[in-house]
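Hello,

Here is the structure I promised to pass on to you. Have a look at it first, and my notes follow below.

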Amino acid sequence: MAQLTTLQKLEILSDAAKYDASCASSGTAERNSVGGKGVGSTTGSGICHSYAPDGRCISLLKILLTNFCSYDCVFCINRSSSNVRRARFSVEEVVALTLNFYKRNYIEGLFLSSGIIRSPDYTMGELVRVAESLRLEHDFRGYIHLKLIPSASQDLIDRAALFADRVSINVELPSETSLKRFAPEKQALDIRSAMGGLKLRIDEAAAERERSKRAPAFSPAGQSTQMIVGADDASDATILQRSAQLYGAYGLRRVYYSAFSPIPDSSKQLPLSEPPLMREHRLYQADWLTRFYGFEVDEIMDAAPGGMLDLSVDPKLAWALRHRGRFPVDVNRAERELLLRIPGLGTRSVERILAMRRFRRLRLEDVGRLVRSLRVLRQFIVTADWRPGATLDGERLKAQLAPKPQQLVLL
Amino acid sequence: MFVARLSHPADFEGWRGFARRFAQALVAPSAIDWRVGDHDTGLFGEDVVEGGEGRGLSVPRAFITLAQQVICHSDPARFDLLYRLLWRLQEERELLQIASDHDVHRAEALARSVRRDMHKMTAFVRFREVDDGEGGEAFVAWFDPEHHILEKVAPFFVERFTTMRWTILTPRGTLLWDVRELKLGEAATRAQAPTSDAMEEWWRTYYASIFNPARLKPKAMKAEMPVKYWRNLPEAELISPLIADATRRTQEMIMSAPTSPQKRRPAASTPDPAAPDLSAIESWEEAASAARSCRRCDLWCDATQTVFGEGSRSAPVVFVGEQPGDQEDLAGTPFVGPAGKVFDRAMAEAGLDRTQAYVTNAVKHFKFQLRGKRRIHEKPNAGEVKACRFWLDLELGFVKPQLVVALGATALKALTGHAGSLASARGRELALPDGTPLLATVHPSYLLRLPDEQAKESETKRFITDLKHVGSLAPGLRLPRAA
């Protein structure tokens, strides 16, 4: 094979990394380069430096160290049996690329993952070397997200978390059965116990940091994971229950859902079709409802046929339509928990309503200034001067409120 | 008409000075003409306000923050709006809470727009490397902000690129950082900025490769990266061709038949964990390893991992608890959570060496109820205890202790089938079917749950007494100094 140039490697190894949905650079400890030898800072919420035509944010340089891989996960473009072009960066190449991009303000930092070469420990060791070089040799203070190799040794994982702002391990698929079928070399058990160990250490380090600012960092932006949606036959209910377990057990900052997307050289075992983008979107909405709106997964999924979310309306509206008896809700009286259940009201609007109504009775016009649209919302609320008519009980309410069907597939 | 003349478009301190004097002199909002710079003097050039009888002027802190943002907006009416808010705030103390109020709503919209402009500037500035004449690195960028945000956004660039020499040129002024000091320079034109950078080819390669053509969503992209910024972004020239080609590429991926692998790579060897041969277990190590993939009951589904026993393989005493808790489940080790800490302290108080003991649980997976984000301990049922007895028997068989201690009712039931209360068995010298002596006491988590401090103290003492009894039956467990 002819020697690849670094530019060709960049092409191959960023192409190989694009199926990982996460690109967040948020939630870490704030730092800057004042008094340092290198560049870099972090801000609370992170910055998206560009957007690709797939609508996804580009915040980090998201690449693989190598796409050579000894594992044969059927959904993965880099599986050992794929005919994809292979490449491997040197540690120095990744470091130089990160710094060059960073200094031009293209990125917030690096998101580095890798195919498994030689052994989990060897691979993890190489990833750590990149982070170590950036942090120690170059005093780089930007964001680093490292993908962990689940069966790597504790010592390497600890070192990774010392240099990284966030670490993550992908659960890949919602059930152990699917994982076994599609990712035969990956052990669900290893993934879970690695997440468990991380949770303990992240909590421990955060508690230490409370006591002393000098305590060493340990993945200050926590851990996250990703599940592929649509590669196996898991229902939305299964996926969301799994997420609830993951949030509950391991305190994950995020569970990313990634609609299974056709890859250039795909396996016969998988559906060759458009990625289920709307399904992915609904899962994110449902995930949000459980994290910020006080919904339990069971409530979101009750009466959902086949354990699948309704694709035509968002899950909050779907819940409200199933529980019309609880509406309309009086925005001048209802408690926060109930306000959060009103379709069309976000967490910010709810806080503003609560602040405002201490001083005045809200009219429909007041509410209208706090939200993007009253179209759906007005059917579910009572204000000082407004009460929805009989439509709320009408059978056609869903048809009336659902967004007009859109052609979501490619033209 | 009063004229208030500010020195520059985002002159908050100037505005504040005027506003304070006007408001104290009770000058109504409609009577002030706010201007920036020292151009034409209007017809009514009287910007001198005498003190008047004055009034105490105060505003909520949130107003200052809001005003500092609003003042950066390019809307000429911003000074007037802020003064009107200040004026109204003197009577309507809670005005800022009324988010739907016309003035508040407008001010918040302006502030939001300013924050967004600042954020987009931090995102979309693209530095280009230039020769600094001394062989060092220096960078120059061109940017066209919508509002007067330059000074407000400058600290971001200083703190991020402290060790770099850089210049940001804008039509509203120039930021210059020489590694030590920030200077504000004259307005600039695009023509003064460099036109290329060698890394841009690399950045475009990255941009094109990270895009997934099967997920085309150009509207979502444009919402976050409005077209007005594209002129400044080296990657933007790729957007149209990438979109134009996406459909073809996706269809190609879907239509192309799966290919057969180039060559057979040896699959990484992994033992199948689901079916270890349980009849062939010949050592503690084999038992511990086989237990990792135990499916004898359903508790493995939601738990993280099997928490097998731990400690000396030749321990004189085996302590058996109920089941691992949250921390034990995460760590994979028994008795490391809050109850484990109580146990450790009590052992030390009783003069016993925990490292010489073997600790385990009747049930090896954590059983819990998920409530929101918390996992609440749930008692294992008889079937689960029975299923797990298999492992407990193996552990006892390999360790062969002189004494077994049941911590709590579940352990007692698992070991002896004793269905009565723990109290009736506590303190008595019992035995397992094979004759191994058995003592029963409370589970340390019981001590944690006692709400009454006094009861907690006396029960802890009783627990320690029980442990001392253990020490007298198994002297090998005593700490050297206590021996």
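Let me start with a question: which residues are buried in H13(B)? They are Ala409(B), Thr410(B), Ala411(B), Leu412(B), Lys413(B), Ala414(B) and Leu415(B). Buried here means that 20 or more other C-beta atoms, placed from the backbone, lie within 10 Å of the residue's own; 12 or fewer makes a residue exposed, and anything in between is partly exposed.

Before going on, please keep in mind that this is a predicted model, in which local features need pLDDT of at least 70 and side-chain atom pairs count only at pLDDT 80 or more, while totals for chains, interfaces and linings use all residues. Residues are numbered from 1 along each chain as its sequence is written, and chains are lettered from A and ligands numbered from 1 in the order in which they are written.

Back to chain B. Helix H13 (residues 409-416) has seven of its eight residues buried, so it is largely enclosed by the rest of the structure. Helices (H or I, at least four residues) and strands (E, at least two) are DSSP runs, numbered from the N terminus. The buried residues of H13(B) pack against strands S9 (317-321), S13 (403-407) and S15 (437-441) and helices H12 (382-399) and H14 (422-425) of chain B. Just after H13(B) comes Gly417(B), with a positive phi of about 80°.

Now to chain A, which has 14 helices and 10 strands. Its radius of gyration, taken over C-alpha atoms, is 24 Å. Of its 411 residues, 51% count as buried.

Chain A also holds an open sheet of six strands in the order S3-S4-S5-S6-S7-S8, with parallel pairing. The edge strands, S3 (60-64) and S8 (254-259) of chain A, each pair on one side only; pairing requires at least two DSSP bridges between two strands. Two bridges join S6 (residues 166-168) to S7 (residues 223-229) of chain A, and Ser168(A) has Ser224(A) in S7(A) as its bridge partner.

Finally, the two chains meet: 77 residues of chain A are in contact (C-beta atoms, placed from the backbone, within 7 Å) with 71 residues of chain B. On the chain A side, helix H6 (residues 188-211) gives the largest share, seven residues.

Best wishes

Definitions and conventions:
Rg over C-alpha atoms; globule rule 2.2 N^0.38 Å.
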